[in-house]
Amino acid sequence: MIAGKSHDMGLGPLHTVSLAEARSAARAQRRLRYAGQDPIAARSAGQLARRAKAAKTQSFADAAAAYIRTQEPGWTSNHADEWRSTLDKYTLPIFGELPVAAVDTGLIRCALDQLWGEHPETARRLLDRIRRVLDAAAAAGYRDPAIPNPAR
């Protein structure tokens, strides 16, 4: 009862949640109510927080594509193709699908190690491209701007 009204809350379908799990979940919700919180509002707030966090998560591949899209009007078509091909070839297999916030120095070194010996100019360009993508991701709010860019 909240403000004299009955509030019922489902704990999950019978074929998914066992009786013991349902009792445990109900006990936890009663504890929340006893602490003065509305369990339904707390669950809704948790769901909203998870959705907001998911919306603020972007993979490195998505960040690179977004950066190229915004810069492409000022580039030649060949330049944009070079960016796409080097990032696709050297970063996507290693950290392309990771969240852009998780890219660190170790991952960048892993992408560049073999390239430094074979094609140092390409490695330098790739490092600069990674740095620019990570800077743009920080400016867009997908990376903590207080944490230094690992590609610097």
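A: What follows is a close look at helix H7 and the parts around it. This is a predicted model, where local features need pLDDT of at least 70, side-chain atom pairs count only at pLDDT 80 or more, and totals for chains, interfaces and linings use all residues. Residues are numbered from 1 along each chain as its sequence is written, and side-chain values use heavy atoms, with hydrogens and water left out.

Helix H7 spans residues 120–139. A helix here is a DSSP run of H or I with at least four residues, numbered from the N terminus. Two packed helices are described by the angle between their axes and the distance between the axes.

Start with helix H6, residues 105–118. The axes of H6 and H7 come within 7 Å and cross at roughly 155°. Axes are lines fitted to C-alpha atoms over the stretch in contact, and angles run from 0 to 180 degrees between N-to-C directions. H6 and H7 are therefore roughly antiparallel (over 145 degrees; under 35 would be roughly parallel, 65 to 115 roughly perpendicular, the rest oblique). On the H6 side, the residues in contact are Ile108, Leu112, Leu115, Trp116 and Glu118. On the H7 side they are Pro120, Thr122, Ala123, Arg124, Leu126, Leu127, Ile130 and Leu134. Contact means heavy atoms within 4.5 Å. Ten residues of this H6–H7 contact are nonpolar, one is polar and two are charged. (Nonpolar covers Ala, Val, Leu, Ile, Met, Phe, Trp, Tyr, Cys and Pro; charged covers Asp, Glu, Lys and Arg; the others, Gly among them, are polar.)

Next comes helix H4, residues 77–90. The axes of H4 and H7 come within 10 Å and cross at roughly 95°. That makes H4 roughly perpendicular to H7. From H4, the contact takes in Glu82, Trp83, Thr86, Leu87 and Tyr90. From H7, it takes in Thr122, Leu126, Arg129, Ile130, Arg132 and Val133. The H4–H7 contact holds six nonpolar, two polar and three charged residues.

At 13% relative accessibility, threonine 86 counts as buried (under 20% relative accessible area; exposed is over 50%, partly exposed in between; 1.4 Å probe, protein chains only). A polar atom of the threonine 86 side chain lies 3.2 Å from the backbone oxygen of tryptophan 83. Leaving aside neighbours within four places in sequence, threonine 86 is in contact with Thr91, Thr122, Leu126 and Arg129.

Tryptophan 83 leads on to the aromatic rings. Trp83 forms one aromatic cluster with Tyr67 and Trp75. Tyr67 belongs to H3 and is one of the residues there that meet H7.

So turn to helix H3, residues 60–71. The axes of H3 and H7 come within 9 Å and cross at roughly 90°. H3 and H7 are therefore roughly perpendicular to each other. Phe60, Ala63, Ala64 and Tyr67 in H3 meet Ile130, Arg132, Val133, Leu134, Ala136 and Ala137 in H7. This H3–H7 contact has nine nonpolar residues, no polar one and one charged.

Phenylalanine 60 also has an aromatic partner. The structure holds four aromatic pairs. In the pair of phenylalanine 60 and phenylalanine 95, the ring centres are 4.9 Å apart and the planes stand at 75°, so the pair is edge-to-face. (Rings of Phe, Tyr and Trp, the latter by its six-membered ring, pair if their centres lie within 6.5 Å; planes over 60 degrees apart are edge-to-face, under 30 stacked, the rest tilted.) Phenylalanine 95 lies in helix H5, residues 92–95, so the pair ties together parts that are 35 residues apart in sequence. Both phenylalanines are buried.

Glutamine 58 is in the loop between H2 (39–55) and H3. It counts as buried, at 14% relative accessibility. Not counting residues up to four places away in sequence, glutamine 58 touches Ala63, Ala66, Leu98, Pro99, Val100 and Tyr142. Leucine 98 is in the loop between H5 and H6. At 33% relative accessibility, leucine 98 counts as partly exposed. Leaving aside neighbours within four places in sequence, leucine 98 is in contact with Gln58, Ser59, Phe60 and Leu107. Leucine 98 and serine 59 are 39 residues apart in sequence, with their C-alpha atoms 5.2 Å apart in space.

Conventions
Helices (H or I, at least four residues) and strands (E, at least two) are DSSP runs, numbered from the N terminus. A polar contact is a pair of N or O atoms within 3.5 Å; within protein, one must be able to donate a hydrogen and the other to accept it, and residues adjacent in sequence count only if both atoms are side-chain atoms.
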